[in-house]
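Here is a friendly walk through a pair of packed helices and a chain-to-chain contact. Keep the structure open beside you as you read.

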Amino acid sequence: MNKFKNLPVVRAIGFNRVVLIGVILLMYLVFALLTPVLHSGATFLKYDRILSALNYAYFIGFLGLGVTFVIATGGIDFSIGPVMFTAALVSGYCLTQYHVPLWLCLILSIVIGVLFGIINGYFVAYRFLPSFITSLACMQIAKGVGSVFTKTQSVTWPTEGNENAWFHYLVRWGDVPVGFILLCLVAAICAVVLNKTKAGRYILCIGSNKEAVRLSGVNTKKWEMLAYIICGLLAGVAAIFYVGAYTTVQPGLGDTFNNEAIAACVMGGTSMAGGLASMLGTVIGALIIALMQEGILAMGFTISYQYVITGIIVLIAVTADTLSRKRKN
Amino acid sequence: MEEEEALRETYFAELDPGRRKELLERFSRDHPQDAEVPLFQTLWSLRHVDPKNAEHPVDTFLWQIVNLISLYRVPGFFSGGTEKEIRAAMDALGFSAVAKYGDKGREILYLELRNAARRYFSTCESKSYGKKLMGIVTMNESERRDKLAREVWQLTEGLSRRFETDEDMALFRKAVRDEFIVQYPDGEERLERQEKRRTKKRIA
């Protein structure tokens with residue numbers, strides 16, 4: 001085992017991430033074997049299944065990448081899911097009802113995410129409110145804004161083949177999962193920002209020992225707020241990928257995706273205590289959750305089972321994180 | 001001579017930069033001929049003067065301690081160039097600046113580093129340091145000490161082993177370790193526990 005751990009590739013990726021990749025392969029195998037047994041006539045070994053799982057992984061992945069920055073500071077953002085939905089609802093409503101150009105609607109989606117990031121960040125960093133309370137309040141605001149703006153109507157973005165539907169190509173171009181390439185690209189950028197830039201170093205150090213960073217002369221408020229703004233921005237990006245994959249958005253929803261994004265993040269090795277984060281781990285975590293969702297549906301179970309399993313995964317991931325920190329200490 | 005020694009001791013025991021500046025000014029005024037005065041002033045400027053904004057209060061040494069802890073946690077893929085960063089951190093901690101003062105310079109730097117380490121330890125009493133699980137749960141005293149012991153181990157052993165920077169970091173490591181053991185009566189025991197845990201992991 002030690003030899004394996006010391007392989008250059010394993011050391012570069014990280015042993016935990018390698019284990020998670022193994023979990024993905026194992027899950028795929030289990031679903032491939034169980035699907036025909038539990039749901040006669042169905043098969044999991046289809047390229048469409050992979051594409052469908054990836055559709056789910058994109059927006060969970062973007063949400064997860066964003067919340068990784070916040071968790072790295074020692075905070076949390078429970079508003080990402082509803083913010084993503086509000087961004088998709090408001091910009092989609094502008095597109096379909098006011099005929100605002102598509103490119104402007106996509107930018108609007110990101111701007112809405114950033115605005116919520118600014119609100120969260122301001123109250124956490126400058127008003128010293130606990131992040132979970134601030135983000136819970138923001139979650140309610142986001143849900144309300146989405147409902148009020150669309151008069152509680154669901155919004156359907158242009159479907160593939162229609163005019164103004166080129167945004168679907170961001171998710172999938174024929175059989176090519178473009179979204180996966182973009183998710184990996186954004187994850188790589190986030191990893192570089194977190195590990196190789198001044199901003200990333202400050203964000204990680206704030207999560208590790210905020211008081212020491214403050215006494216060093218660093219403007220901790222500014223950098224902490226930046227983490228929330230990046231999180232909001234990526235929630236806006238996630239909205240684009242959500243509508244690119246599913247087209248229709250309903251008001252008042254989105255909070256179930258918070259748990260999934262946070263679970264992806266913690267499963268990937270980001271510490272809930274702050275100061276330690278892994279973008280690659282978050283992407284792998286998102287893939288695990290997406291594969292699990294696809295597997296549950298393929299086996300003929302309802303989506304409610306997925307909520308149960310996601311909840312269990314969150315409990316296991318957080319317990320494992322707490323225990324591993326205890327053991328490390 | 002006794003008064004000079006007492007002033008020196010107070011200077012290195014004090015954690016508040018403003019109060020330290022007053023003590024340094026008093027020391028420079030009362031003992032202008034003392035050969036150590038320029039060395040103290042060099043280290044003071046290096047540690048507390050922001051070259052971009054003289055009005056902005058900074059503590060470069062404290063920042064480097066936090067920075068070095070985060071360098072230990074850099075993932076494998078991004079660890080290229082970390083040795084260079086550690087050496088740059090040692091430079092920022094005054095190693096180059098005191099080189100021309102010889103052994104005396106190293107002795108004073110050691111005391112300054114211990115002061116910086118003590119200031120870092122004092123921040124560990126803050127509310128934010130002991131937060132866990134999204135800031136909702138707070139660590140108890142023993143957990144705080146364990147977290148601090150892990151960080152001290154990372155600074156004194158982990159970094160130099162992972163990036164092979166033993167020689168460059170020797171004085172810094174000694175200063176942090178000595179200060180930890182002086183500040184916490186069970187410090188040595190906690191560090192040993194950290195060491196054992198790592199050794200056990202390596203053997204396994």
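In this predicted model, Val152(B), Leu155(B), Thr156(B), Leu159(B) and Ser160(B) of helix 8 of chain B meet Asp166(B), Met169(B), Arg173(B), Val176(B), Arg177(B) and Phe180(B) of helix 9 of chain B. Being in contact requires C-beta atoms, placed from the backbone, within 7 Å. The residues of this contact divide into six nonpolar, two polar and three charged. The axes of helix 8 of chain B and helix 9 of chain B come within 9 Å and cross at roughly 160°, so the two helices are roughly antiparallel (angles over 145 degrees).

Now look at where chain B touches chain A. The contact takes 32 residues from chain B and 32 residues from chain A. On the side of chain B, the largest share, six residues, comes from helix 4 of chain B.

| Element of chain B | Residues |
|---|---|
| Helix 7 | 102-123 |
| Strand 1 | 131-132 |
| Helix 8 | 141-163 |
| Helix 4 | 60-72 |

Helices (H or I, at least four residues) and strands (E, at least two) are DSSP runs, numbered from the N terminus.

How many residues of helix 4 of chain B are buried? The count is 13 of the 13, so helix 4 of chain B is largely enclosed by the rest of the structure. Buried means that 20 or more other C-beta atoms lie within 10 Å of a residue's own.

Residues are numbered from 1 along each chain as its sequence is written, and chains are lettered from A in the order in which they are written. Local features need pLDDT of at least 70.

Note on methods. Predicted model: local features only at pLDDT ≥ 70, side-chain atom pairs only at ≥ 80, totals over all residues. Expected span 1.5 Å × (residues − 1). Buried ≥ 20, exposed ≤ 12 C-beta atoms within 10 Å, placed from the backbone. Contact = placed C-beta atoms within 7 Å. Axes fitted to C-alpha atoms, helices over the stretch in contact; angles between N-to-C directions. Parallel < 35°, antiparallel > 145°, perpendicular 65-115°, else oblique. Nonpolar A, V, L, I, M, F, W, Y, C, P; charged D, E, K, R; others polar.
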